[in-house]
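Colleague: I have the file open and would like to talk it through with you. Could you put it up on the screen before we start?

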Amino acid sequence: ISLDTICARPKMTPFVILKMMSITLRHGLSEHASSAFALFGLLILNIKFDVDMAYRYGQVAMALLDMYKLDEYLPRVYAAFYGIIVSWKEPVRVTFAPLCRSHKTGLRTGDLEFAALAGNIALCQKIHGGPPLRQLQESATYMVEWMKSHKQFAGLKFAKANLMFFQLLLGDLNYSSSGDGGYAKILHELVDNGVAINVNGAKTYMMIIHYKFGNFKEAESCFVKDQEGEPRDFGVSAQWLYESMTRLAFARQGIKKRKNLRKVRAVIKQLKALSTKCPENLSDKVFLLQGELASVNGNYDRALSKFKLAATMAAASKFLCFEALAYERMGWLVARQPLPDLAVARSYFEQSCARYQEWEAFAKVDHLREEFSSVL
């Protein structure tokens, strides 16, 4: 199956995958079957969100890949299994090395489009629990230059979106000046080219940036509408989290409060069910949303308890970005009380800044210090 089919025409992808499985079942196993089973697992995940079944088909694909020992199919099987399926079932960190291997094998065997895909997915996964941002920015720069030189234009603009995301958080690009001419320009180019998956990925990055710098109206403009047939990679969890946090920011202001709270509760329910498959990856996000929901509803004790659980789970999973967010929300929770304990609020803000600093999100640290200095 061509990557162009998956990216540019996601609604056609299920028909292609089902045809591959039909041929496999009719004529028996072959070296092509590993790709068919991996993509069928991806389809199960997208259509039914059945993590266990998708994971089982992915394991069959891995067994077939090992049985036939053909490296030429490894990049696409690994991209489907480790890039999309595994992170709903196992800690996201276990995907880093296989995706790196997928990229390198694609370079060696000539499967450049899936080498590019694996590289892009690896960067997305590493945002959660990978190395600091400067190292990710260097990897993103490599991906952009490599895609240019190898004419991998399907993934190039998304690689650029990756790079700009890191540069904005590092402070290499100024947030206020890049809003119209930078990220928005890349997004328009993606839309014009009809690369649906890349559009949604770039919009999610834009939403996260706008939220982190307190621009909730712009964050709302980047909400992603799920498209039938698109791969539900682990980045969807961040999409749901930041969409819901933005909705809760509006609910706190009384803007479409009932509608926003209803949608947030639905997301919490779905994330909570998915977190039973892999609590290491998702429990922190469930607790963050439960805490923010309790905060909006005026339940201080429940909110603080949930935020502390979120920070603990994020720290255990080495998710610096989400641990920092949990402490940030604790700081604002305390600071907004009628008679706030400013020393406690300041402590939480400082812990948040320390985590953002360790993650190397220097622009966010500066923004947060400026924000809470006006409060404290």
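Modeller: Before anything else, a cut-off that we shall need: a residue counts as exposed when its relative accessible area is over 50%, and as buried when that area is under 20%. Please also keep in mind that this is a predicted model.

Colleague: Fine. Is Lys-256 buried or exposed, then?

Modeller: Lys-256 has a relative accessible area of 54%, which is over 50%, and therefore it counts as exposed. Its place is in the loop between α13 (235-252) and α14 (257-275), and its phi is positive, at about 45°, although Lys-256 is not a glycine.

Colleague: Where is Lys-151 found?

Modeller: Lys-151 is in the loop between α8 and α9, just after the end of α8. With a relative accessibility of 62%, Lys-151 counts as exposed.

Colleague: Let's step back a bit. How many helices and strands does the protein have, and what share of its residues count as buried?

Modeller: There are 19 helices and zero strands, and 56% of the 376 residues count as buried. If you take the contacts between residues at least 6 apart in sequence, 64% of them join residues at least 24 apart.

Colleague: Back to α8. How many residues does α8 have, and what does it reach end to end?

Modeller: Helix α8 has 17 residues and reaches 24 Å from its first C-alpha to its last, which is close to the 24 Å expected at 1.5 Å a residue. Its buried residues are Leu-133, Leu-136, Gln-137, Ala-140, Met-143, Val-144, Trp-146 and Met-147, and what covers them includes α6 (96-109), α7, α9 (153-170) and α18 (342-359).

Colleague: Take α7 first. At what angle do the axes of α7 and α8 cross?

Modeller: The axes of α7 (residues 112-129) and α8 (residues 133-149) cross at roughly 160° and come within 11 Å, and the two helices are therefore roughly antiparallel to each other. On the α7 side the contact is made by residues including Leu-112, Ala-115, Gly-119 and Leu-123, and on the α8 side by residues including Leu-136, Ala-140, Met-143 and Trp-146. By class, this contact has 10 nonpolar, three polar and one charged residues. The crossing of α7 and α8 is left-handed.

Colleague: And what about α8 with α9, how do they pack?

Modeller: Helices α8 and α9 pack at an angle of about 155°, with their axes 9 Å apart, and that makes α8 roughly antiparallel to α9. Among the residues that make the contact are Leu-133, Gln-137, Thr-141 and Val-144 of α8, together with Leu-156, Ala-159, Leu-163 and Phe-166 of α9. The residues of this contact divide into 11 nonpolar, four polar and three charged. Here, too, α8 passes α9 in a left-handed crossing.

Colleague: One last thing, on another topic. Is Ser-295 buried or exposed?

Modeller: Ser-295 counts as buried, because its relative accessibility is 13%. The residue is found in helix α15 (residues 279-296), and, leaving aside its neighbours within four places in sequence, Ser-295 is in contact with Arg-252, Ala-303 and Leu-333.

Technical notes:
Residues numbered from 1 in each chain as written. Predicted model: local features only at pLDDT ≥ 70, side-chain atom pairs only at ≥ 80, totals over all residues. Heavy atoms only, no water. Axes fitted to C-alpha atoms, helices over the stretch in contact; angles between N-to-C directions. Helix = DSSP H or I, 4+ residues; strand = E, 2+ residues; numbered from the N terminus. Parallel < 35°, antiparallel > 145°, perpendicular 65-115°, else oblique. Left-handed = near helix turned anticlockwise from the far one by under 90°. Contact = heavy atoms within 4.5 Å. Nonpolar A, V, L, I, M, F, W, Y, C, P; charged D, E, K, R; others polar. Buried < 20%, exposed > 50% of the residue type's maximum accessible area, 1.4 Å probe, protein only. Expected span 1.5 Å × (residues − 1).
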